[in-house]
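Hi,

Here is the model I promised to pass on.

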Amino acid sequence: MKQNDEQNQENVLFVGIDLGTSRSAISASNGKREWIESYVGWPKDFIAEQVIGKPVLFGEEALQHRLSLDLCRPLERGIIKEGIESSERAVKEIIRHLIDLAKSEPGKQIHAVVGVPSDSLKVNKLAIRRAVAEHVQALMVVTEPFAIAYGMNLLNNALVIDIGAGTTDFCIMHGTIPSEEDQKTIFTAGDYIDEQLFNYLIEKYPNSRFNKNMVRQFKEKFSFVRTLDEDIRVELPVDGKPVMHDIKNEVRRACESILPALVDTTTEMIARFDPEFQMKIKNNIVMAGGGSLIRGIDEYLQDALKEYGACKVTRVKDPLFAGSDGALKLATDMPAKYWEKL
Amino acid sequence: MRREILRSVYEDNLVMLGQGRSLLTKRRLYLGKKYLIAALLCIIAVLVNGRHVNISFSPTELTAQTAMMNMAPALPPPAPEGVPNPAELNSVAGSGNVALSRMFGLKIKTIMIDAGHGGSDSGTVGKMGTKEKDITLDIARRLRQHLEAKGNYRILMTREDDSAVSLNRRVELAKTAKADLFISVHINYLPQKPINIIETYYFGPSTDANILRLAEQENAGSEQGLSDFRAIVEKLGKTMKLQESREFAESIQSNMVRYSRKQNSSIQDFGVKRAPFVVLLGLEVPSVLAEVSCMSNREEEKELQQEGHREYIARSLALGIFDYLNKGDLTHEAKR
Ligand SMILES: [Zn+2]
């Protein structure tokens, strides 16, 4: 089988794509790895297009020009909003842009594995298929936590917890492709922390000026649970003048707001299996996604689960690309005969 | 194992495209069977016990909850013993229109029900995705039905659908409508604690950190900060409204606890407290905020997805309101 594949691989660029609520990434078999923020913006009118000079903007750049753009975050809450045309169009743009970034040589076929949040229902997967199909010659869609697990070789006796922006996805691996029952999605994730932090800051500093985007940046820079030695201070304008604000307590409270549901769901997922398998899973818990970067979150989970016996929680090394790398590995491992029909 | 997994990924995608049969179909059949069994068990249990029984459903089934919420309230399941039933509501409400002349020299005519949160503000969200805003709206609608059916009152709601209404706007609505009584319905969420509690608040100063934290959550939609309230709270401190609100809160709380204890003995009575909630501020009439349930408790979240449970909460709120209204009526205690 290997020999057949090699012949094909000459003309094929394999790519793994992670379509995330807040960030999307691509890993390609030519070694390229790129990511963008999952925002797409189109100029509102002809004048805006003249000023901006591009028909479509992505990520940070789109956010900066948000006043002159129709902005779309198509995977909000982890799914394509079915029926909303611009969401599907935006996903198409994200895919096209990611594939451009991967710089395929002209004439090469593209075979893609795309990881999507696990609560995507069948309709959403179809919508994603439609959006991707234009830009690739063969395509497979898998769930995001499964792609991560596959990429890390966690095929058996493992639990992957992927804390994204809109959702936290749990996926138990026991030697087969995970069924609906091996996966669970909860909605306490990064966006939820942003909301909490925003509310706490409004409450504490009613006269200071800040917006949701700034709050998200505070979270990404300072997030932690339990304790932290350093102070957390940020400069915010009050009556037009910059003033230092202590936000440490608010950051901690906001980050900790996702912990109860995280611990409960983890215990619930593990408890479904027989005790022997439970032991194995508990020693193989891997946290991924942007939320895994919250300082102290892995130790917190490990301590919380210790009540029920020994366990080991680790974090993926590169949360930004863990999903796309896993999807790429799936793409390259996939036998050629399977690609032919898709 | 790896080869097997790759093949399943391929087959899974074929199925997605509408080709090939496989795992997914099998799984769906299996789930279907499970639903059927669960439904049968449910029917049998109701027939045998004549009461509502909680059976744990699989998570996929629970997502049907939103659809369920949009349906018109159907007939509630038969009431367990000791729980507010329509007959009891009738007997209590019977003396309903007399009261309160003792305090204000006027009768309660308009009751404003405030379903907490709404629209883009979901309130707290349970681990299975249940949203506070949906539950409070459903309970508020049911409460209105009971109040309309049993008493000679004008019943108004601050929101009748899933729309966003700012906290200040809610206060305004109650004022403009000249509401005589105001009740705000909320669901609690206790991070870190698995317990299930019921508590009722009326507006006033508080030093308790946990209460302030809850107030922060519930006030999230308002422009005003906690500090703004201090001055107003001090002025309010000695007014009649405070006393009346506390009595109102006590009636609500005791009726909710009385009912829920019979359902679930582990529910804790956290009593009546004062807290600086925006929706209770600025109303000159007795007003309370009831945290009728606690979403962080998993069992309770499952219960809240059951129509029967929401119906009973609404009934116990109605009982609490009638109870309060009747307190001025000396014959009332004798009747109970
Ligand atoms: Zn609330």
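What share of the 336 residues in chain B is buried? The figure is 53%, where buried means under 20% relative accessible area, exposed over 50% and partly exposed in between, with a 1.4 Å probe and protein chains only.

Some housekeeping before the rest. This is a predicted model, in which local features need pLDDT of at least 70 and side-chain atom pairs count only at pLDDT 80 or more, while totals for chains, interfaces and linings use all residues. Residues are numbered from 1 along each chain as its sequence is written, chains are lettered from A and ligands numbered from 1 in the order in which they are written, and side-chain values use heavy atoms, with hydrogens and water left out.

Chain B

Chain B has 14 helices and six strands; helices (H or I, at least four residues) and strands (E, at least two) are DSSP runs, numbered from the N terminus. Among its contacts (heavy atoms within 4.5 Å) with a separation of 6 or more, 81% are between residues 24 or more positions apart. Its accessible surface is about 15100 Å², with 55% belonging to carbon and sulfur atoms; areas come from the Shrake-Rupley method with a 1.4 Å probe, and for residues only the protein chains shown count as cover.

One helix pair here is α7 (residues 132–150) and α13 (residues 307–325) of chain B, which pack at about 50° with axes 8 Å apart. Axes are lines fitted to C-alpha atoms, for helices over the stretch in contact, and angles run from 0 to 180 degrees between N-to-C directions. That angle makes α7(B) oblique to α13(B) (under 35 degrees is roughly parallel, over 145 roughly antiparallel, 65 to 115 roughly perpendicular, and the rest oblique). Residues making the contact include B:Ile139 and B:Leu143 of α7(B), and B:Ala314 and B:Leu317 of α13(B).

Chain A

Chain A has 14 helices and 15 strands, and 57% of its 342 residues are buried. Of its contacts with a separation of 6 or more, 66% are between residues 24 or more positions apart. The accessible surface comes to about 14900 Å², 49% of it from carbon and sulfur atoms.

There is an open, mixed sheet of five strands in the order β11-β10-β9-β14-β15 (chain A); two strands pair if DSSP finds at least two bridges between them. β11 (183–186) and β15 (313–315) of chain A are at the edges with a single partner strand each, so one side of each has no neighbour in the sheet. On average, neighbouring strands of this sheet are turned by 20° against each other, direction ignored. β14 (residues 285–288) of chain A pairs with β15(A) in the parallel sense over three bridges, and A:Val286 has A:Thr314 in β15(A) as its bridge partner. Helix α6 (residues 144–151) of chain A packs on the sheet, touching β9, β10, β11 and β14 of chain A, and its direction makes about 130° with that of β9(A).

Last one: A:Trp339 lies in helix α14 (residues 336–340) of chain A and counts as buried at 3% relative accessibility. Its C-alpha is 7.7 Å from that of A:Leu139, 200 residues apart along the chain. Leaving aside neighbours within four places in sequence, the contacts of A:Trp339 include A:Phe14, A:His111 and A:Met334.

Cheers
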